[in-house]
Amino acid sequence: MTWGYMYIFIFIGTHFLVMMGIYLFCKYKAALMEQMMITMALSMSFGLVIGVLMGIIYHDNLLLSILMSMGISGLAGANLGLRLHGLAGIEGFFTAIMAGMMGSMLVGMLSMRETIIIFLVSSFLLTGTSMFSVRHILYRSCEHVIRKYDLLLLIATCCVFIITLWMFPDVLEQNPPSVKPLHL
């Protein structure tokens with residue numbers, strides 16, 4: 001396994017563990033619709049990233065990439081939702097499956113260079129959605145923490161964006177454009 005894939009798995013796993021830790025330690029309770037909206041946004045982001053990643057790994061086999069992304073995304077979405085409510089778990093499961101399928105199918109239609117750009121955009125979407133959800137959950141469960149550390153959370157979000165962009169592999173170095181010689 002290459003370092004690029006290891007970095008990506010650590011990136012996704014860290015986001016997932018942060019969300020599970022926030023759910024565990026904050027005892028987030030809100031209206032059911034609010035819980036379902038948080039679950040839908042998070043599981044859509046996780047499903048899209050996982051779907052694009054499975055499409056990259058299994059680029060030549062569309063069926064396998066769709067099935068793998070559906071399974072992994074569905075488990076992630078259900079775990080994200082079941083921490084809040086049973087209906088939110090069902091919502092998270094189906095939203096993540098749908099986003100995982102769409103991510104895999106999108107990769108199947110694009111070239112590898114375009115796929116890497118789509119993966120970078122979906123990684124930014126995952127980071128933004130996770131940080132927004134963390135801020136919202138902290139605001140609902142312990143408002144005094146957010147009032148005290150809101151600027152620090154914003155700075156941390158910007159740093160994660162910059163680190164993601166900086167550590168992301170260079171597309172042109174990995175896939176140099178092919179130059180065809182001219183025959184005179």
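Tutor: Let us begin with a helix. In α3, the residues S65, I66, S69, S73, G74, A76, G77, A78, L80 and G81 are buried. This is a predicted model, in which local features need pLDDT of at least 70 and side-chain atom pairs count only at pLDDT 80 or more, while totals for chains, interfaces and linings use all residues. Residues are numbered from 1 along each chain as its sequence is written, and side-chain values use heavy atoms, with hydrogens and water left out.

Student: What makes a residue buried, exposed or partly exposed?

Tutor: Buried means under 20% relative accessible area, exposed means over 50%, and partly exposed lies in between, with a 1.4 Å probe and protein chains only. Buried residues make up 41% of the 184 residues in the protein.

Student: How do you know the span expected of helix α3?

Tutor: The expected span is 1.5 Å times one less than the number of residues. Helix α3 covers residues 62-82, which is 21 residues, and reaches 30 Å from its first C-alpha to its last, close to the expected 30 Å.

Student: How many helices and strands does the protein have?

Tutor: There are seven helices and zero strands. Helices (H or I, at least four residues) and strands (E, at least two) are DSSP runs, numbered from the N terminus.

Student: Why is the pair E34 and R140 called a salt bridge?

Tutor: A salt bridge is a side-chain nitrogen of Lys or Arg within 4 Å of a carboxyl oxygen of Asp or Glu.

Student: Which other residues form a salt bridge?

Tutor: R135 forms one with D150, the closest N and O atoms being 3.0 Å apart. This pair links R135 in helix α5 to D150 in helix α6 (residues 143-167), 15 residues apart. R135, at 33% relative accessibility, counts as partly exposed, and D150, at 27%, counts as partly exposed. A search of the whole structure finds two salt bridges.

Student: Why is S123 called buried?

Tutor: S123 has a relative accessible area of 2%, so this residue is buried. The place of S123 is in helix α5.

Student: What does S123 touch, and how do you know that it is a contact?

Tutor: Contact means heavy atoms within 4.5 Å. Not counting residues up to four places away in sequence, S123 touches F11, V49 and T164.

Student: Which contacts in the protein join residues at least 24 apart?

Tutor: Among contacts between residues at least 6 apart in sequence, 78% join residues at least 24 apart.

Student: Why is L87 called partly exposed?

Tutor: The relative accessible area of L87 is 44%, so the residue is partly exposed. L87 is placed in helix α4.
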